[in-house]
Amino acid sequence: MGSGVQIRPEQFEVTQYPLESLIALAYGIPGSRIEGTPEWVRTERYDIRARAPKPSSRQEMLQMLQTLFAERFRLKAH
């Protein structure tokens, strides 16, 4: 099964993506800049299907993804 990312005005969908790659996507950084994470962040793969409350730009969708990481994984970025 392949992996992929689709960002549409009202939907964000990810299939079989490692969390590290999702973090890199959300923050617009290379995965090599992500430090201090356990091994599973690189190896476990996730599926996400989320709907926005209104049509949103790509940047707005990525900001919502950052919020998801902060709330669900308690991710702190600096």
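Partly exposed is the label for a relative accessible area between the two cut-offs, with buried under 20% and exposed over 50%. The model shown in these views is a predicted one.

**View 1. Pro 9 in the loop between E1 and E2.** Pro 9 has a relative accessible area of 49%, so it's partly exposed: the exposed label needs a value over 50%. The residue is found in the loop that connects E1 with E2. These two strands make a hairpin, with 2 residues between them. Who does Pro 9 touch once its neighbours within four places in sequence are set aside? Its contacts are Ala 52, Lys 54, Pro 55, Ser 56 and Met 61. For a sense of scale, pick out the C-alpha atoms of Pro 9 and Glu 71: they're separated by 22 Å, and the two residues are 62 apart along the chain.

**View 2. Strands E1, E2 and E3, with E2 paired to both of the others.** Strand E1 covers residues 4–8 and strand E2 covers residues 11–18. They run antiparallel, and 5 bridges join them. Look for Val 5, which stands opposite Val 14 of E2. On to E3, residues 45–51: this strand pairs with E2 over 6 bridges, again in the antiparallel sense. Which residue of E3 is the bridge partner of Glu 13? That's Arg 49. When you're tracing side chains here, keep in mind that in a regular strand they alternate between the two faces of the sheet.

View 3. Buried or exposed, what is Gln 11? Its relative accessibility is 12%, so it counts as buried, the cut-off being under 20%. The side chain of Gln 11 makes a polar contact with the side chain of Glu 13, at 2.9 Å. Skip the residues up to four places away in sequence, and Gln 11 touches Gln 6, Arg 49, Ala 50, Arg 51 and Met 61. Two of those names turn up elsewhere in these views: Arg 49 as the bridge partner of Glu 13, and Met 61 among the contacts of Pro 9.

**View 4. Helix H1 and what covers it.** H1 runs over residues 19–27, and its buried residues are Leu 19, Glu 20, Leu 22, Ile 23, Ala 24 and Ala 26. A handy rule for reading the spacing: an α-helix has 3.6 residues a turn, so residues three or four places apart point the same way. What covers the buried residues of H1? The cover includes strands E2 and E3, along with helix H2 (40–43) and helix H3 (58–72). Just past the end of H1 sits Gly 28, with a positive phi of about 65°.

**View 5. Gln 66 in helix H3.** Gln 66 comes in at 15% relative accessibility; that's under 20%, so the residue counts as buried. Leaving out residues up to four places away in sequence, Gln 66 touches Ala 26 and Tyr 27. Ala 26 is also one of the buried residues of H1.

**View 6. An aromatic cluster of Tyr 46, Phe 69 and Phe 73, linked by ring pairs.** How many aromatic pairs are there? The count is 2. Tyr 46 and Phe 73 have ring centres 6.3 Å apart and planes at 90°; edge-to-face means over 60 degrees, so that's what this pair is. This pair links distant parts of the chain, with Tyr 46 in strand E3 and Phe 73 in the segment after H3, 27 residues apart. The rings of Phe 69 and Phe 73 have centres 6.1 Å apart and planes at 55°, so this pair is tilted. As for accessibility, Tyr 46 is partly exposed at 27%, Phe 73 is partly exposed at 36%, and Phe 69 is buried at 1%.

**View 7. The largest pocket, with about 440 Å³ of space.** The lining has 18 residues, and the closest to the pocket's centre are Ile 34, Glu 35, Leu 75, Lys 76 and Ala 77. Helices H1 and H2 each supply at least two residues of the lining. Which element gives the most? It's H1, with 3 residues.

How values were computed:
Residues numbered from 1 in each chain as written. Predicted model: local features only at pLDDT ≥ 70, side-chain atom pairs only at ≥ 80, totals over all residues. Heavy atoms only, no water. Pairing = 2+ DSSP bridges. Helix = DSSP H or I, 4+ residues; strand = E, 2+ residues; numbered from the N terminus. Buried < 20%, exposed > 50% of the residue type's maximum accessible area, 1.4 Å probe, protein only. Contact = heavy atoms within 4.5 Å. Polar contact = N/O pair within 3.5 Å; in protein donor to acceptor, adjacent residues only side chain to side chain. Phe/Tyr/Trp six-rings, centres within 6.5 Å; stacked < 30°, edge-to-face > 60°. 1 Å grid on protein atoms, 1.4 Å probe; cavity = no way out; pocket = protein on both sides within 12 Å on 5 of 7 lines; lining within 4 Å. Points joined across faces, edges and corners; volume = space filled by probe spheres on them.
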